Amino acid sequence: MKYETQKALPPPASTIGVLGWMRKHLFKGPGSSIATLVLGYLAVIWLWPLIDWAFISADWLGTTRQDCSGDGACWVFINQRLDQFLYGFYPEAETWRLDLSFVILMACIGWLVIPRLPAKGPMAVFTLVIFPFIAFVLLSGGFFGLEPVDTHKWGGLSLTLVLAVVGIVAALPFGVLLALGRRSHMPIVRSLSVIYIEIWRGVPLITVLFMASVMLPLFFPEGMDFDKLLRALIGITMFQSAYMAEVVRGGLQAIPRGQYEAADALGLGYWQKMVMIILPQALKLMIPGIVNTFIALFKDTSLVLIIGLFDLLAIMQAAANDPNWIGFATEGYVFVALVFWVFCFSMSRYSQHLEKRLHTGHGAR
Amino acid sequence: MFKKSLLATATTLSIALASTTAFAAGTLDSVKERGHLQCGVTSGVPGFSVPDDKGNWKGLDVDVCRAVAAAVLGDASKVKYIPLTAKERFTALASGEIDVLSRVTTWTLSRDTQLGINFAGVTYYDGQGFLVKKDLGLKSVKELDGATICVQSGTTTELNMADYFRTHGLQHTPVVFDTNEQAATSFDTGRCDAFTTDLSQAYGLRTRMSNPDSVVALPEVISKEPLGPVVRQGDDQWFNIVKWSLNAMITAEELGVTSANVDQKKSDNNPNVQRLLGGSEGLAKGMGIGEDWGYQIVKQVGNYGESFDRNVGMGSPLKIDRGLNAQWNQGGLLYSPPIR
């Protein structure tokens, strides 16, 4: 007699793989099976026309509306207008400047978000302090032999990104300062911060933009021409920093009193205490709130269409009003929605990743 | 409501202030000094002002800007287009952000007299009209007794229609929609017998219908919407330049001068043509611009008929009939005072 251990049998075929998964999640008992079938049927009924419209009957190639059969989506429209959607009315020969700025920005962000890469500190300084100047020089020109490009020619996705990035980069430091101001013990600083935050939070962004573009010029002296885009950027930044301040304040309040007292006991000054002890902990807690604000800001940028700036959405609407392309607004909206979704979803995923990575055991989960 | 009227009052007040104090004169000088014209346009209305595939602005309103630039600077391309929303347009003009507003703006008494602006003429006689299917064989709105009519809700369009049908003792059933697009689509699918809106828009919407050629506009136009270029009050010289740039385009069509034959016509012995193209000394002196202003407009922009045709007329996808916008001797309303 020989005894040997039988090799462990593989799990029954019905519990692994696709089949097993389906059995477990979709057909666990009659009720679940019926629900799966009914919902699956509905999904096919509802989704099929969409897939058919967007892919199967869609027209992809061509140059004019005659190339579209009219049964499905006419992606020719997007194709023909893609440059305009990306660059607005930026002179064609100069679009490399937008590309370059975008590549640098992405490289900076990539460097900052990939944990393995070294020298995060200098890189962050470069991104936040030096890059804006590089981007400004590249985009508006007028230096180093670059042809100047008026801001009224900016548009499309690049304008949306300019608005969002400037808003995000500028609003965070202002927000932190305002939040610290609101929690300060100095009465004047505190009341000024409170007044600022409450006034800006009490006004809709549309009103801010409208004031910046319509009312403000009337108060300027004759001949003083303040760039409309700059006015909008200042408006957005001031508006968003008020919201950011409240998010930051929420984070600051969540830090236990002991941390403040411990920092005081070590003999740290106010700024040392904030920068080295409080803010690093607080900012970690604030990530969901901050990203939430960023995503909202990114979407809010499309409001600039009410002041006649051609961001991605506005330029699509203008394109859909071209007599040669009338009637293809749906394709345009789908495209714009997709672009916005990609940006917002990436931000959201990165924030989740960041939360996990920074979760160093502060408090219980 | 209170807020709205408050804002309106504030806007009107500030416009009035700005227009009376800051910019009493000198638009011509500042345009010449700047080297380009700043022209307020829409952010996209088919046929009137809309950017094309290459980002160049095209349209009937845009051609007025180009004509003014051709007359003043001798180059129709020296225009900076400032897209404006309907709310912004008058403040942009009052604050000096733009020199001319050419943005499908209806000429009304209250605007002309209360906002510190002047209308320099009419580029397009718009008005509310009716679209019907061709195969119904209708010839007039009066035959629409008892019809169902698709219309956008909450607009003057709806009220105009009700007024018109009441005064003519006709019955109708309005079918109202949130947007003009929905109303047009429902008309297209047969939900209504007719569809009503401003004609310039109706033609744009017609191009989206399943069979645009089977849809026609009835001859009646039941409201008056004269659209024209606008300038600030208080600068009569500039007002004259814009007014006569438009008149030059209209006169050129009347005289049969086109961008193609303008060089031949220069040696034409018709004195009216000579005067238009700068053959008679001193005509442009009062405007302070070059003697060849009329030639430059026709050469670079074309006459009114050419502009109409390529932007909204038969040469464009909109295919709008000349209708009221024909010359006065062709049954329309276009009548330029003589250039002499």
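In the predicted model, the centres of domain 1 and domain 2 of chain B, taken over C-alpha atoms, are separated by 31 Å. The domain assignment gives domain 1 of chain B as residues 2-125 + 226-322, and domain 2 of chain B as residues 128-223. Contact between these two parts involves seven residues of domain 1 of chain B and four residues of domain 2 of chain B. On the side of domain 1 of chain B that touches domain 2 of chain B, five residues are nonpolar, one is polar and one is charged.

The largest nonpolar core comprises 165 residues, of which Leu37(B) and Val68(B) touch the most other members. Helix α6(A) provides the largest share of this core, with 14 residues, and at least three residues are drawn from each of domain 1 and domain 2 of chain B. When neighbours within four places in sequence are left aside, the contacts of Leu37(B) are with Val31(B), Cys65(B), Val68(B), Ala69(B), Val72(B), Leu73(B), Lys78(B), Val79(B), Asp99(B) and Val100(B); Val68(B), the other residue named above for its core contacts, is thus itself in contact with Leu37(B).

Between the two chains, the contact takes 23 residues from chain A and 31 residues from chain B. At least two residues of the side of chain B that touches chain A are supplied by each of α1 (2-21), β2 (50-51), β4 (79-83) and α4 (89-94) of chain B, and β4(B) gives the most, with three residues. By class, this side of chain B divides into 13 nonpolar, eleven polar and seven charged residues.

In chain A, helix α11 (residues 270-300) has 31 residues, yet its end C-alpha atoms are only 35 Å apart, which is short of the 45 Å that a straight helix would reach at 1.5 Å a residue. A bend of about 60° is found in α11(A) at Met286(A), and a proline, Pro288(A), follows within four residues. Met286(A) is also one of the buried residues of α11(A), the others being Ala282(A), Ile290(A), Val291(A), Thr293(A), Phe294(A), Leu297(A) and Phe298(A).

Apart from neighbours within four places in sequence, Leu178(A) is in contact with Ser193(A), Tyr196(A), Ile197(A), Ser241(A), Ala242(A) and Ala245(A). For one of these residues, Tyr196(A), the separation from Leu178(A) is 18 residues in sequence and 8.5 Å in space, C-alpha to C-alpha. Asp99(A), which lies in helix α4 (residues 95-113) of chain A, is partly exposed, with 13 other C-beta atoms within 10 Å. Asp99(A) and Leu157(A) are 58 residues apart in sequence, and their C-alpha atoms are 11 Å apart in space.

An aspartate of chain B, Asp63(B), is placed in helix α3 (residues 60-73) of that chain. Asp63(B) has 29 other C-beta atoms within 10 Å and is therefore buried, the threshold being 20 or more. Not counting residues up to four places away in sequence, Asp63(B) touches Val301(B), Ser307(B) and Asn311(B). The C-alpha atom of Asp63(B) is separated by 21 Å from that of Ala202(B), a residue 139 residues apart from Asp63(B) along the chain.

Most residues other than glycine have a negative phi. By contrast, phi of Val104(B) is positive, near 30°, and Lys319(B), likewise not a glycine, has a positive phi of about 55°. Val104(B) is found in the loop between β5 (100-101) and α5 (109-114) of chain B, whereas Lys319(B) is found in the segment after α13 (304-311) of chain B.

How values were computed. Residues numbered from 1 in each chain as written. Chains lettered and ligands numbered in written order. Predicted model: local features only at pLDDT ≥ 70, side-chain atom pairs only at ≥ 80, totals over all residues. Domains from an automatic or database assignment. Nonpolar A, V, L, I, M, F, W, Y, C, P; charged D, E, K, R; others polar. Expected span 1.5 Å × (residues − 1). Bend = angle between axes of the 7 residues up to and from the residue. Buried ≥ 20, exposed ≤ 12 C-beta atoms within 10 Å, placed from the backbone. Core = buried A, V, L, I, M, F, W, Y, C linked by C-beta atoms within 7 Å.
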